[in-house]
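Here is a short briefing to read alongside the model. Please keep the viewer open as you go through the points.

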Amino acid sequence: MSLEITTAFVQEFSANIDLLSQQMMSRFMDRVRMESQSSETQFFEQIGATDAVEATSRHDDTPRVDTPHARRAVSLSTFRWADLIDQADKTKLLSNPTTEYAQSAVMALNRKRDDIVIEAALGVSRTGKNGTTNVPLPAEQKIVVGGVGLNLNKLLEASRRLNEEEVDPDMRRYMAITSRQLQDLLEEPELTSADFAVVKTLVEGKIDTFMGFTFIRTERLTLDTNGDRQVIAWAEDGLLMSSGSNDITRITEREDKNYSVQVFRQEQFGATRMEEVKVVEIACLEP
């Protein structure tokens with residue numbers, strides 16, 4: 001065969017564009033209280049507990065019980081994503097990546113939503129008449145690291161703290177952990193054989209519930225100042241995410257960029273902790 005035959009070989013290139021491994025969907029949406037918002041700042045009203053007054057005699061004065069009122073403020077922040085696709089690049093790539101860029105934009109904003117909820121869970125909440133009073137998560141809602149990772153005792157402690165505050169037992173409870181905390185649970189010596197079997201299926205993704213909590217795996221949990229992972233346990237209505245109504249997606253040509261195609265996505269959202277007793281921070285050692 002002629003040695004020149006290689007000049008006739010057809011060079012083939014994949015026309016597919018693969019999205020690299022990344023968190024695609026928000027892990028917290030629909031696991032917190034979801035609200036819509038049409039103003040820059042919105043207040044969500046709250047009513048506290050009261051006590052009944054015992055009658056001391058017939059025809060005594062009607063008691064007046066002052067019902068405590070409170071509110072939480074949520075301000076919307078605007079988040080944007082944009083990138084350009086040069087017209088010449090479309091030819092070089094042998095594929096139009098516009099769709100993949102749009103998907104990448106949505107996924108980036110989904111991850112940003114999770115970051116905002118995590119920040120709200122562990123940071124300060126704004127309360128008071130004008131939303132100017134900052135309320136941090138109190139020390140009694142924090143489980144110290146104790147030199148260990150996530151273990152059975154910490155799970156029991158988180159559950160106890162929610163129960164002691166009379167958090168509605170019918171409200172779904174969640175716990176956000178990383179893959180490291182799943183490993184910690186598998187290595188927990190105090191687990192019974194039945195518990196170990198449950199945790200193993202939890203790691204394998206076959207179930208998501210253990211010890212009364214629905215587990216959410218996320219690798220976006222923050223580290224505290226000591227380098228310990230801040231695991232979060234909460235009742236569903238203890239955290240709130242509010243979304244604006246003017247989300248924007250545009251795929252347009254830019255005259256000022258040699259008619260490159262710009263993929264643009266904008267969303268507005270914010271979050272707050274609605275009630276301190278419904279959120280527990282669990283510090284977990286990570287080697």
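In which strand is E35 found? E35 is found in strand β1, where strands are DSSP runs of E of at least two residues and helices are runs of H or I of at least four, numbered from the N terminus. This is a predicted model, in which local features need pLDDT of at least 70, side-chain atom pairs count only at pLDDT 80 or more, and totals for chains, interfaces and linings use all residues. Residues are numbered from 1 along each chain as its sequence is written, and side-chain values use heavy atoms, with hydrogens and water left out.

**Overall picture**

- The protein has five helices and 15 strands.
- Its radius of gyration is 26 Å, whereas a compact globule of 287 residues would come near 19 Å; the radius is taken over C-alpha atoms, and the globule rule is 2.2 Å times the number of residues to the power 0.38.
- Along the principal axes, the C-alpha atoms fill a box of roughly 115 × 55 × 30 Å.
- Of the 287 residues, 39% are buried; buried means under 20% relative accessible area, exposed over 50%, and partly exposed in between, with a 1.4 Å probe and protein chains only.
- Among contacts in the protein with a separation of 6 or more, 76% are between residues 24 or more positions apart, a contact being heavy atoms within 4.5 Å.

**Surface and charge**

- The protein has 33 positive and 47 negative charges, and their mean positions are 3 Å apart.
- For that count, Lys and Arg are positive and Asp and Glu are negative, while His and the chain ends are not counted; each charge is placed at NZ of Lys, CZ of Arg, CG of Asp or CD of Glu.

**Strand β1 and the segment before it**

- E35 is partly exposed at 28% relative accessibility.
- Beyond its neighbours within four places in sequence, E35 is in contact with F44, L240, M241, S242 and S243.
- The side chains of E35 and R33 are joined by a polar contact of 2.9 Å; a polar contact is a pair of N or O atoms within 3.5 Å, where within protein one must be able to donate a hydrogen and the other to accept it, and residues adjacent in sequence count only if both atoms are side-chain atoms.
- E35 and N226 are 191 residues apart along the chain, and their C-alpha atoms are separated by 34 Å.
- D30 sits in the segment before β1 (33-36), and D30 counts as exposed because its relative accessible area is 60%.
- The phi of D30 is near 70°, a positive value in a residue other than glycine.
- Most residues other than glycine have a negative phi.
- L20 also has its place in the segment before β1, and L20 is exposed at 69% relative accessibility.
- From L20 to C284 the C-alpha distance is 29 Å, across 264 residues of sequence.

**The loop from β12 to β13**

- G244 lies in the loop between β12 (239-243) and β13, and G244 is buried at 12% relative accessibility.
- The C-alpha atoms of G244 and S38 are 5.8 Å apart in space, although 206 residues separate the two in sequence.

**From β13 into β14**

- Y259 is in the loop between β13 (248-254) and β14, and Y259 is partly exposed at 44% relative accessible area.
- Y259 has a phi near 65°, a positive value in a residue other than glycine.
- S260 is in strand β14 (residues 260-273), and S260 counts as buried because its relative accessibility is 5%.
- The side chain of S260 reaches the backbone oxygen of K257 at 2.9 Å.
- Contacts of S260 beyond four places in sequence include L84, I85, D86 and Q87, together with T252, E253 and R254.

**Between β8 and α4**

- T178 is in the loop between β8 (173-177) and α4 (179-186), and T178 is buried with 3% relative accessible area.
- A polar contact of 2.7 Å links the side chain of T178 to the side chain of Q181.
- Leaving aside neighbours within four places in sequence, T178 is in contact with R217, T218, E219, L221, R229 and E286.
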